[in-house]
Amino acid sequence: MQRRRFFASMGVIASMVSSRSALSASPAASASAATEPVVGTPTASTSATEALQYYLKRIADIDRAGPQVRSMLELNPDAMSIAGTLDAERKAGKVRGPLHGVTVAIKGNIATGDRMATNAGSLALDKISAKRDSFLVQRLREAGAVIVGKTNLSEWANIRSTRSTSGWSGVGGLTRNPYALDRTTSGSSSGSAAAVAAGLTAMAIGTETDGSITSPASINGLVGLKPTVGRVSRDGIIPISRTQDTAGPIVRTVRDAAVLMSVISAKDANDSATHDAPLPTDYLAALDANALRGARIGVARNYFSGHDEVDAQIERAIAQLKALGADVVDPVDLPKITYDNEELAVMLHEFKHDLAVWLDTFAPHARVRNLADVIAFNDAHRTTEMPYFGQELFLQAQALGGLDSDVYVKALATCRTASRDEGLDKVMADNHLDAIVAPTGGTAWLTDFINGDSGGGGFSTPAAVAGYPHLTVPAGLVRGLPVGLSFVGPAWSEARLLGFGYAFEQATQWRQEPKFMERTSVPVV
């Protein structure tokens, strides 16, 4: 487990924090912090410096000591200085907005032009700092966010192997689920979700190609929003697929998601996908406890999990939608995905092409220049980079042609037609729907370094391939493990989905704090 940069940055920040947040927290103190995850949580009146000190102490007690969640790749050595500047601004009467002084963690594949690395969890990019901030990071800084650090992830956003273990990277090791430490965080935004669930940051940013925001958010008992592709700039994100990639919020409440979206939704000259996006609506104004009244909501039963207890919990959620005034259309015929091979072909073609572009733009000083170089690096460092699984998908991608190849062009056309014209657009139009709901997925599966991930199914792919928005909100627990309810809508309907999610969240209040169980608790029957 490579944690060199974490220790270096933690040492810088620790010297600035009060003695009560010392790294050498006693086991008793660590256990107490883990079992009372929200005691003393910073409020709107807390200074940026005090809030940062609070989260740094929790990171010391919980991420490195105690349950050792290991959600953070690296801490921002400039965070305390930034917090102090923001506090001085507030004292002088300048408040930048609702994110002023709020602590935010950023996934490790998003470029920051500071002293932190942008490495996607790969040792091939270890210690490599990007030349400049990504556009969304610029927006966060301008809004007054305090970026506490970079979060761990499934290495390369989980595009490396067919037998990967979600939440593991060569740089960061394995991120652990705060609800049951022997179970997965899912991925690829593993650290972002675990950090928010464990109370190590107020908010986090994840990225998604297919399920990488919504699945870890659901499995870690959180709100996650994958926006329409083009709503949030992809500038500076280490790419998989230009067709499906996007960044989005992973947070504790729907309101927090709306606050983040109000900042990161903007047109960007460096991302053509944002040029056609309509101007974002007022996300906070969309948060209405009565938003579901009269809304037509379809139920995609083809995407239920098949697990009796999970599906029973989702039935309870659907009953809540009806009680809140929704006109529930049950079921709607949204076909299960039949174009998995085409989706993967699109991803691998685009990844091979766009990785080289990202490296040239953001990390021309890196030791690797393209996918072939990364493959060679991994082969040369097998003991540290591939101790558990290989790089089969990298090899497949490297063998492919360019973005003008017939294979790519045909696969892209198939995905667009099947996911939109014959998929979400058709079902929504035929049934006059405002959104479609289904379980986001099942519960967290056991971490397995031999066989890899065992979780199957989920509701991420229709919206991911179409490029449409997908919101997941907590829908309670099954044997102590969180499950989520998904709301999927047409393009650019983020505000409407946030309204639906808010109404459901406010009526149910089903989210519960994690207990950091060493292993899954199984009741005696």
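The model is predicted: local features need pLDDT of at least 70, side-chain atom pairs count only at pLDDT 80 or more, and totals for chains, interfaces and linings use all residues. Residues are numbered from 1 along each chain as its sequence is written, and side-chain values use heavy atoms, leaving out hydrogens and water.

Start with the sheet. It is open and has 11 strands, in the order β1-β3-β2-β6-β8-β7-β12-β13-β11-β9-β10, with mixed pairing. β1 (72-75) and β10 (327-329) stand at the edges with a single partner strand each, so one side of each is left without a neighbour in the sheet. From one strand to the next, the twist averages 30°. Strands (E, at least two residues) and helices (H or I, at least four) are DSSP runs, numbered from the N terminus. Two strands pair if DSSP finds at least two bridges between them. Strands of a sheet pair through backbone hydrogen bonds, either parallel or antiparallel.

Now follow β2 (residues 103-107). It runs parallel to β3 (residues 146-151), and 5 bridges join the two. Ile106 stands opposite Lys150 in β3. β2 also pairs with β6, in the parallel sense, over 3 bridges. There, the bridge partner of Ile106 is Ile205 in β6.

β6 (residues 203-208) is mostly covered, with 6 of its 6 residues buried. Buried means under 20% relative accessible area, exposed over 50%, and partly exposed in between (1.4 Å probe, protein chains only). Met203, Ile205 and Thr207 point one way from β6, while Ala204, Gly206 and Glu208 point the other way. β6 pairs with β8 (residues 246-251) in the antiparallel sense over 5 bridges. Gly206 stands opposite Gly248 in β8.

Next come two helices. α3 (residues 48-64) lies across β1, β2 and β3, at about 20° to β3. α14 (residues 406-431) packs on the sheet, touching β9 (296-299), β10, β11 (435-439) and β13 (481-488), and its direction makes about 115° with that of β11. Contact means heavy atoms within 4.5 Å. Axes are lines fitted to C-alpha atoms, for helices over the stretch in contact, and angles run from 0 to 180 degrees between N-to-C directions.
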